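Subject: Structure handover

Hi there,

Here is the structure I promised to send over. Please have a look at it first, and then read on for what I found.

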Amino acid sequence: MRFFWRRDLHALAGAYALNALDGAERDRFERHLRGCRACESEVRGFAATAAALAMAAAAEPPPGLKQRVLAAAAVTRQSPPAVAGATGAAHRRRPRTSASRRAWLPRLALSAAAAGLVAAAVLGGVTVWTQHRLTTAQAENQAIAAVLAAPDAQIASARTSAGGIATVVASHSAGSIVFTSAGLQALPPSKVYELWFLGKTARPAGLLPPARAGRTAPVLAAGLAVGDKVGVTVEPAGGSSSPTTTPIVVLTLSA
Amino acid sequence: MGAFRAASGAAERSEPDLDSLLTHVARGDAGAFEAVYDQMARPVYGLIRKVLRDPAQSEEVTQEVLLEVWRTASRFDPARGSAATWVLTIAHRRAIDRVRSETAAAERELRSAAPPPTAVDEVAERVEASLEAEQVRRCLDGLTELQRESITLAYYSGYSYPQVAALLHVALGTVKTRIRGGLIRLRDCLGVSL
């Protein structure tokens with residue numbers, strides 16, 4: 001029986017290399033892989049073969065992507081190399097779980113981005129608010145700072161179909177997001193950009209304030225649920241209770 | 001991807017070696033990262049676009065992947081395969097993660113008329129007329145129809161192998177063995193060596 005079971009696992013090497021296994025089966029195969037040199041070498045060969053398929057699909061990326069990628073790299077801290085002894089088996093064969101691949105990613109990116117958001121909060125709108133709103137503003141700023149400083153804070157950023165860039169910092173522990181944008185197309189007074197939590201249904205998360213010098217001041221929205229994405233649509237002034245247009249951007253968060 | 005690379009690109013020969021570029025990227029060399037971008041952005045974007053179809057999402061995931069390359073360059077281990085394979089493995093995984101993310105359905109609902117999944121023949125037809133693409137196409141042609149369909153549906157269209165089995169109306173075990181058998185034949189045809 002055991003022989004057949006192992007043979008059966010061997011046959012998964014191809015599907016594994018093409019990322020065609022789902023959760024449990026992938027984990028089972030990876031456990032097997034750690035003790036099977038023949039499989040490991042076969043998977044490597046298949047990965048190189050798949051890479052050839054990818055090369056054959058090469059296509060010109062949109063203009064401007066290079067600049068955005070290089071700019072993002074310039075403000076992103078790199079992860080240190082794995083040091084022998086510290087990671088042991090993990091170094092020999094990286095297990096492919098979303099958690100291990102992802103957990104540290106957003107956080108490293110965050111410090112610089114968070115600094116930018118705080119600067120935007122201070123320069124973009126808060127300081128020009130009138131005195132009687134200052135207390136509210138300070139409270140809101142503290143709430144924004146709390147999201148940015150949350151240990152599980154993550155950042156996602158994307159170009160929108162209305163031009164410009166949308167950025168969200170999200171914290172599941174705070175159940176909140178901070179959203180900001182730059183370079184969105186200006187809207188006529190009869191329209192407004194509305195923010196949404198996109199889960200099984202779309203839940204309103206607030207309206208974007210009018211942009212100043214092309215930037216919208218950070219919007220804080222509570223009510224983030226695990227699995228939500230964050231989207232923006234164009235709605236009639238005053239906003240809608242559910243989206244009436246296709247989102248100009250949808251930002252994906254990890255769980 | 002040793003022999004495949006050696007056999008396939010006059011163009012690649014004049015470019016700096018990607019493996020050593022990544023070593024420099026790991027040390028924070030922005031110039032080396034730009035060179036990596038120049039070599040890899042097209043295959044990374046093309047692959048992701050093939051899987052996701054949606055241009056905006058594809059651009060977003062491409063950016064994530066290239067940033068992951070920047071961040072994790074120090075984890076690249078040349079003993080385990082070429083730099084191009086490493087980068088493209090990250091790209092495919094990220095694209096698949098996006099396809100299978102739990103809220104993908106909710107998002108699809110919100111987006112207007114999502115395009116239909118890639119037709120198998122279309123993939124083979126649309127590959128670019130580069131030397132690599134020619135060679136890949138020729139080798140894909142050398143597979144049985146079931147092998148070719150299983151591999152392209154899984155890799156280019158991002159289906160899990162049970163989904164591929166359902167689409168092709170064949171048993172799970174059949175898809176498993178066709179994918180593996182097809183990859184072995186492709187690997188040998190492309191002259192991939194480790």
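Let me start with the contact between the two chains: chain A puts 63 residues into it and chain B 75 residues. Two residues are in contact here if their C-beta atoms, placed from the backbone, lie within 7 Å. On the side of chain A that touches chain B, the elements giving two or more residues are α2 (13-17), α4 (37-56), α5 (65-74), α8 (105-124), β1 (154-159), β7 (229-236) and β8 (249-252) of chain A. Of these, α4(A) supplies the largest share, 14 residues. Helices (H or I, at least four residues) and strands (E, at least two) are DSSP runs, numbered from the N terminus. Sorted by class, this side of chain A holds 40 nonpolar, 15 polar and eight charged residues. For the classes, Ala, Val, Leu, Ile, Met, Phe, Trp, Tyr, Cys and Pro count as nonpolar, Asp, Glu, Lys and Arg as charged, and the others, Gly among them, as polar.

A word on reading the model. It is predicted, so local features need pLDDT of at least 70 and side-chain atom pairs count only at pLDDT 80 or more, while totals for chains, interfaces and linings use all residues. Residues are numbered from 1 along each chain as its sequence is written, and chains are lettered from A and ligands numbered from 1 in the order in which they are written.

The model scores ipTM 0.83 and pTM 0.58. Chain B has a mean pLDDT (the predictor's confidence in each residue, from 0 to 100) of 82, and 76% of its residues reach 70 or more. The pLDDT is below 50 over residues 1-14 of chain B, a stretch with 26 contacts beyond near neighbours in sequence. Over residues 112-129 of chain B the pLDDT is also below 50, with 24 such contacts. Where pLDDT is low, the predicted coordinates should not be read in detail.

Back to α4(A). Its axis and that of helix α6 (residues 83-100) of chain B come within 9 Å and cross at roughly 75 degrees. Axes are lines fitted to C-alpha atoms, for helices over the stretch in contact, and angles run from 0 to 180 degrees between N-to-C directions. The two helices, α4(A) and α6(B), are therefore roughly perpendicular (angles under 35 degrees count as roughly parallel, over 145 as roughly antiparallel, 65 to 115 as roughly perpendicular and the rest as oblique). From α4(A), A:Ala47, A:Ala48, A:Ala50, A:Ala51 and A:Ala54 meet residues of α6(B), including B:Leu88 and B:His92. That contact divides into eight nonpolar, three polar and no charged residues.

A:Ser41 also sits in α4 of chain A. Is A:Ser41 buried or exposed? A:Ser41 is exposed, with 12 other C-beta atoms within 10 Å (buried takes 20 or more, exposed 12 or fewer, and partly exposed is in between; C-beta atoms are placed from the backbone). Its C-alpha atom is 10.0 Å from that of A:Ala13, 28 residues apart along the chain.

As for chain A as a whole, there are nine helices and eight strands, and 36% of the 255 residues count as buried.

Best wishes
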